[in-house]
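Me: I would like to go through this structure with you. Could we begin with the charged pairs?
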Amino acid sequence: MIQFRLIVAFLLLPILSGCTLFNITIISPVQPLEEKVVEGEGRPKLLLLDIAGFISAKEPDGVHLTKQKPSIVSRVRESLRKAEQDEDIAGVILRINSPGGTVAASDIIYHEIKGFANRKKVPVYACITGIGTSGAYYIATASDLITAHPTAVTGSIGVILLNFNLEGLLGKIGVTENSIKSGAKKDLMSPFRASTDEERRIMQDILDSFAKRFLDVIMARKNNQLERQELEKLADGRIYTAEQAIAAKLIDRTEYLDDTINGMKKALGIKEARVVNYYRPGDYRGSIYSASDTGAASAINLININADGLEMLSSPQFLYLWRQ
């Protein structure tokens, strides 16, 4: 203990004396993705690509004290670009465990996966291991096949706009809002006052447009067997068990991740394949179920507060999200 204190005092001495002899980098820069074989052998590779946590294009900040983290949108694009350059990549399996996220981020990832599949000409499967609702299900529809663990939950098809009216609370503590605006609708959905009926109609039209887009991508999925009217009845925001999702024709099979992997190998006509995962140095990858580096803030270090999606509280956002 005494030796440790002496080392700390030695390191702090230049700072306390006003002299700077060296720079200490507290946050390490983001390292390029590396490949880890998690199981199997042979030349062909099947890439496990994680869609986990709150889906957002925002890069986490102020949470991880020693490591920068890219957003899940950035990580997915980087992973797909890396896979596209690898001749041995024979297929991609999206390992999904997410309640969804923002409309824009979900749509970008969907777009990236569709573009990759069209260019690379390899199968893309989606396996929902826990939760695959709303924006996560939206992303799953970009795949050729959607499977789910028997205990998984999916659905929650629809859009929500979270907004808070703080007028009463601020009034109790003597705070009033005094914004100056150039147009009557410039403070649309302001948290400092109640929305008018007209404003709610404006926002409802936007939500309806995004909801229609959600239904469009489901109707366009490769194995879709639903009629539009059937889908509209299912898309009231409710969630479904894996068995219910099968009956509703929202997913294709109920099975575990290893079954999905074996199913892809069978479809490709290969007996052996390496299952690989992309990771950044320092992240553990021991099996097909190893936790993913999602890029989304999942916990604040030291006090372990769940922080997924806290940024959505700062301003109104359109969300493909199961609000748990």
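Me: How many salt bridges does the structure hold?
Reply: The structure holds 17 salt bridges, a salt bridge being a side-chain nitrogen of Lys or Arg within 4 Å of a carboxyl oxygen of Asp or Glu. This is a predicted model, in which local features need pLDDT of at least 70 and side-chain atom pairs count only at pLDDT 80 or more, while totals for chains, interfaces and linings use all residues. Residues are numbered from 1 along each chain as its sequence is written, and side-chain values use heavy atoms, with hydrogens and water left out.

Me: Which side chain meets Glu-112 in a salt bridge?
Reply: That of Arg-81, at 3.5 Å, N to O. Glu-112 lies in helix α3 and Arg-81 in helix α2 (residues 72–84), so the pair ties together parts that are 31 residues apart in sequence. Helices here are DSSP runs (H or I, at least four residues), and strands likewise (E, at least two), numbered from the N terminus.

Me: Is Glu-112 buried or exposed?
Reply: Glu-112 is buried, with a relative accessible area of 9%, whereas Arg-81 is partly exposed at 28%. Buried means under 20% relative accessible area, exposed over 50%, and partly exposed in between (1.4 Å probe, protein chains only).

Me: Which residues are linked in a network of salt bridges?
Reply: Lys-212, Asp-216, Arg-228 and Glu-232.

Me: Changing topic, what follows α3?
Reply: Lys-121 follows α3, and its phi is positive, near 60 degrees.
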